Structures are given as C-alpha cells and as structure tokens.
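Biologist: Show me how you read a model like this one, a feature at a time. Give me the general idea, then the case at hand.

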Amino acid sequence: MDDNRMSEKLRLFLRSGMGIYSDYLDQQLSFEELSRQRKLQLQRISELRGRPILAYASDFTKQVPSSIDYSDIVPFSDQVSALYGEDVDIVLETPGGLAEVVEDLVHLLRSKFERVGVIIPGTAKSAGTIFAMAADEILMGTTSALGPIDAQISTQGKTFSADAFLTGLDDIRRGAERDKHLDIALIPILQAISPGEIQHCVNAQAFSRQLVTNWLKEYKFRYWGHHSSSGEPVTEEEKVARAEEIAKELCDHSKWLTHGRSIRIADLRNMRLQITDYTENDELNDAITRYYTLLRMSFETNIYKIYETPTSQIYRSINTGQPPQVPQPLNLPNPLMLDFECPKCKVTSKIQINFDEEFPVPVGVMGFPKDNIFRCPSCGSDSNLLGLRQQLEAQLHRTIV
C-alpha cells in the first residue's frame with residue numbers, strides 16, 4: 001500500500017474512535033452475521049419505540065445512483081406492505097433526490113399510518129430534509145444532519161441552486177435600475193437564459209417550500225395546541241405562519257451558502273422547530289448508534305441501497321460477481337510512520353511508532369515519546385499524545401514501545 005493510501009486509511013481509523021465500530025470490526029462478522037446483527041438492532045429500536053420500523057438508506061460515497069428517485073417507489077412500497085399498526089418509524093439516510101418522489105413516498109405512508117416518526121442517525125439532506133418535515137416527530141442525535149431544501153436545477157451540464165439563480169437575477173435587475181444601465185458583460189449571460197428556465201426555477205423553489213409548509217402544518221404542528229411561553233391557544237393562522245417561516249429559512253440559499261451545509265439540532269430549534277434528541281435516552285441512543293454503525297459497515301460492501309424492516313429487506317448492489325465482503329480490522333505496518341502537525345506552528349514532523357518491540361529510528365524521524373509529550377523541534381511547544389497512544393493500543397490490541 002502506498003504512503004498516501006496508508007495515511008488516508010490511518011486518518012479514517014483515528015476518526016472512528018474507540019467504541020462500537022472497533023468492537024464490530026474485531027468480531028470479523030460475515031456478511032450474513034452483519035445483516036443479522038443489523039436487524040437485531042432495528043428490532044430493538046422498534047421495541048423501544050413501540051411501533052413498526054422501516055429503514056431507507058443510501059450510500060452516497062459510491063459513484064452510483066444513490067439519490068431518491070422513481071425506482072425507489074416499488075421496493076419502498078414492498079417493505080411498507082409488511083408493516084402494521086397505527087404508527088411507524090422511518091430510519092432515513094440519504095443525500096436527497098427528487099422531491100416529487102418524496103411526495104409519493106409520504107403519501108404512501110400517510111395512507112396507512114396515523115403517525116410517522118423519522119429517525120436520522122446520520123445524514124438526510126435536501127429531499128431527505130423535505131421527507132423529515134412530513135413527520136409528526138423528528139429524532140436526531142448530536143451528529144445528525146439535515147440540509148437546505150433550495151431546489152437544485154440541472155441544465156446545460158451545470159447544476160445550481162434555483163434560489164441562488166433567482167437571487168442573482170434580482171441583483172442584476174436592481175443594479176441596472178439603480179445605475180440606469182446594464183453592464184455590457186452581463187448581456188451574453190442573460191441572452192443564454194430562457195424564460196422557461198427562469199420559470200422552472202420559480203416553480204421548483206415554490207414546490208419545495210409548499211411541501212414543507214403543508215406538511216409541517218398538517219402533521220408536525222397538529223398537536224401544537226398552546227404556546228409554551230404564554231399558554232395561549234395556537235391558531236391555525238399561527239401554525240401556517242410558523243410553517244411558512246421555517247420553509248422559507250430552509251430554502252434560503254443566502255443563509256446556508258451551500259446546498260451541502262449541515263443543519264443540526266441547534267439550528268432547527270433556533271427556527272422554533274421541535275426536535276427529539278434521541279441521545280437523551282441512553283438505551284435508544286445505543287440501539288440507533290449500533291444500527292447506524294452496522295448500516296455503514298454494510299455499505300463498505302458492494303451494496304449501495306437498503307430498504308429493510310426487522311424481518312425483510314431489499315438490497316441494491318453493484319454487480320461485481322462476488323458476494324459482499326465486510327470490512328476487516330485495520331492492519332497497520334510495524335513500525336508505523338505518522339505525520340504529526342504541530343497545533344501551534346503548523347510544522348509537520350515525522351514520528352515513528354513501534355508496536356510491541358523496538359525498531360531503529362531513521363535520521364530525521366522522531367520516536368514516539370515515552371512520556372507521551374511530543375516537543376515540536378520547530379517552535380518548542382509541547383503536545384500530549386496520550387490520547388493517540390490509548391486509541392491505537394485499544395483498537396489494535398498492541399502496545400506502543
């Protein structure tokens with residue numbers, strides 16, 4: 001393995017931290033056992049919540065069609081048909097996709113269930129956020145993320161925000177009105193834009209905003225009876241106003257600046273949207289975290305979409321001709337060379353890490369400090385590497401000497 005690939009693998013390893021992921025890696029689960037463990041955790045969530053559950057999840061690290069699209073309707077409907085009860089939970093992991101398909105999926109759920117909870121252990125961006133706004137309850141953790149819902153338009157080989165496009169056109173108009181003339185450099189750009197493209201952007205933005213507004217009012221706010229501050233009854237007009245306010249903010253490209261921006265629990269609560277933080281329930285947090293860890297491990301195979309209940313599943317996978325292979329524990333070389341950047345002066349030093357036995361340290365390389373305190377040869381500042389030592393030793397079951 002070349003140095004760049006090893007550095008990336010080590011970086012991901014260090015980011016994973018000590019805990020559930022390393023525990024499952026150490027077990028070296030087969031794909032069948034990995035799937036069984038995943039379903040056990042999904043069933044556990046269902047039992048803790050007291051309702052049936054369905055997971056719809058996509059891996060958006062592969063170069064495959066992972067977004068929500070029309071091909072999702074049949075497998076999603078198939079898994080929904082196996083669920084019974086008044087309420088349902090949906091575990092959602094998606095980069096987004098077509099809002100029109102989300103509308104169909106939500107109508108499918110609402111035609112069968114009275115109340116819908118959406119659990120977001122990881123990421124549900126764009127159309128995934130629109131989906132979440134159709135829930136009676138949205139459950140998120142400290143690392144969960146929704147995203148802006150400004151419609152993304154693809155034309156002439158380019159993808160851009162409809163809101164940013166319309167805002168840009170409005171800025172040009174106001175600038176021309178103010179200066180009493182149009183910058184000549186803008187003329188060819190404006191000539192390439194058709195009225196149909198402008199209307200398409202207007203319609204796309206209006207559709208996203210309308211879905212969120214309607215669903216918040218109809219589902220999320222239907223049990224909102226009194227203001228928490230004053231105790232006064234909440235009127236239908238106030239529900240509509242709050243829903244419109246939230247939908248407008250989620251659509252506002254000028255606020256979020258990029259479509260991929262992560263919107264966390266604190267952001268949503270600042271919009272005065274009630275979110276359930278599942279990490280406040282230790283057992284539920286453990287079940288959801290374990291399920292999500294096993295889900296992400298499942299995506300380290302050739303699978304890129306999963307629709308599943310605790311007793312059934314549909315997979316979409318890249319056809320490699322080979323059965324899915326689960327990730328194995330990281331096998332780092334011994335000795336290991338680590339590039340360490342000083343937090344103060346940003347100078348990078350090369351540190352040699354010896355596992356279990358001593359190895360000679362080459363010229364220009366520094367050994368891992370016995371007392372865990374690394375002194376930068378450039379600026380002389382100290383960095384405590386105890387946490388790094390403990391993490392490597394715990395996950396590799398080897399001793400740094």
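Modeller: Ser-67 counts as partly exposed because its relative accessibility is 33%. The scale runs from buried (under 20% relative accessible area) through partly exposed to exposed (over 50%), using a 1.4 Å probe and protein chains only. Bear in mind that this is a predicted model, where local features need pLDDT of at least 70 and side-chain atom pairs count only at pLDDT 80 or more, while totals for chains, interfaces and linings use all residues. Residues are numbered from 1 along each chain as its sequence is written, and side-chain values use heavy atoms, with hydrogens and water left out.

Biologist: Where does Ser-67 lie, and which residues does Ser-67 touch?

Modeller: Ser-67 belongs to the loop between β1 (53-58) and α4 (73-80). Those labels are DSSP runs numbered from the N terminus: helices are H or I with at least four residues, strands are E with at least two. Contact means heavy atoms within 4.5 Å. Skipping residues up to four places away in sequence, Ser-67 touches Tyr-56, Asp-72, Pro-95, Gly-96, Gly-97 and Lys-305. Take Lys-305: 238 residues separate it from Ser-67 along the chain, yet their C-alpha atoms are 9.4 Å apart.

Biologist: What share of the contacts in the chain with a separation of 6 or more comes from residues 24 or more positions apart?

Modeller: It's 68%. The chain has 401 residues, and 45% of them are buried. There are 14 helices and 16 strands.

Biologist: Now a helix. Which residues of α10 are buried?

Modeller: The general idea goes like this: an α-helix has 3.6 residues a turn, so residues three or four places apart point the same way. In α10 the buried residues are Lys-239, Arg-242, Ala-243, Ile-246, Ala-247, Leu-250 and Cys-251. They sit on the same side of α10 because they cover an arc of only 165° around the axis, the arc being that of the directions from the helix axis to the C-beta atoms. Glu-237 and Lys-248, on the other side of α10, are exposed.

Biologist: How many residues does α10 have, and what does α10 reach from its first C-alpha to its last?

Modeller: α10 (residues 236-251) has 16 residues and reaches 23 Å, close to the 22 Å expected at 1.5 Å a residue. The expected span is 1.5 Å times one less than the number of residues.

Biologist: Is Thr-213 buried or exposed, and what is Thr-213 in contact with?

Modeller: Thr-213 is buried, because its relative accessible area is 11%. It's found in helix α9 (residues 195-220). Leaving aside neighbours within four places in sequence, Thr-213 is in contact with Ala-243, Glu-244 and Ala-247. Ala-243 and Ala-247 are among the buried residues of α10.

Biologist: On to sheets. In what order do the seven strands of the open sheet come?

Modeller: Two strands pair if DSSP finds at least two bridges between them. Here the order is β9-β5-β3-β2-β1-β10-β11, with mixed pairing. β9 (276-277) and β11 (313-317) stand at the edges with a single partner strand each, so one side of each has no neighbour in the sheet. Helix α3 (residues 31-49) packs on this sheet, touching β1, β2, β3 (115-120), β5 (137-140), β10 (303-308) and β11. The direction of α3 makes about 40° with that of β10; axes are lines fitted to C-alpha atoms, for helices over the stretch in contact, and angles run from 0 to 180 degrees between N-to-C directions.

Biologist: And how do β12 and β13 pair?

Modeller: β12 (residues 336-341) and β13 (residues 348-353) are antiparallel, with six bridges. Leu-336 stands opposite Ile-353, and Leu-338 has Ile-351 as its bridge partner. As for faces, in a regular strand the side chains alternate between the two faces of the sheet. In β12, Leu-336, Leu-338 and Phe-340 make up the covered face, and Met-337, Asp-339 and Glu-341 the uncovered one.
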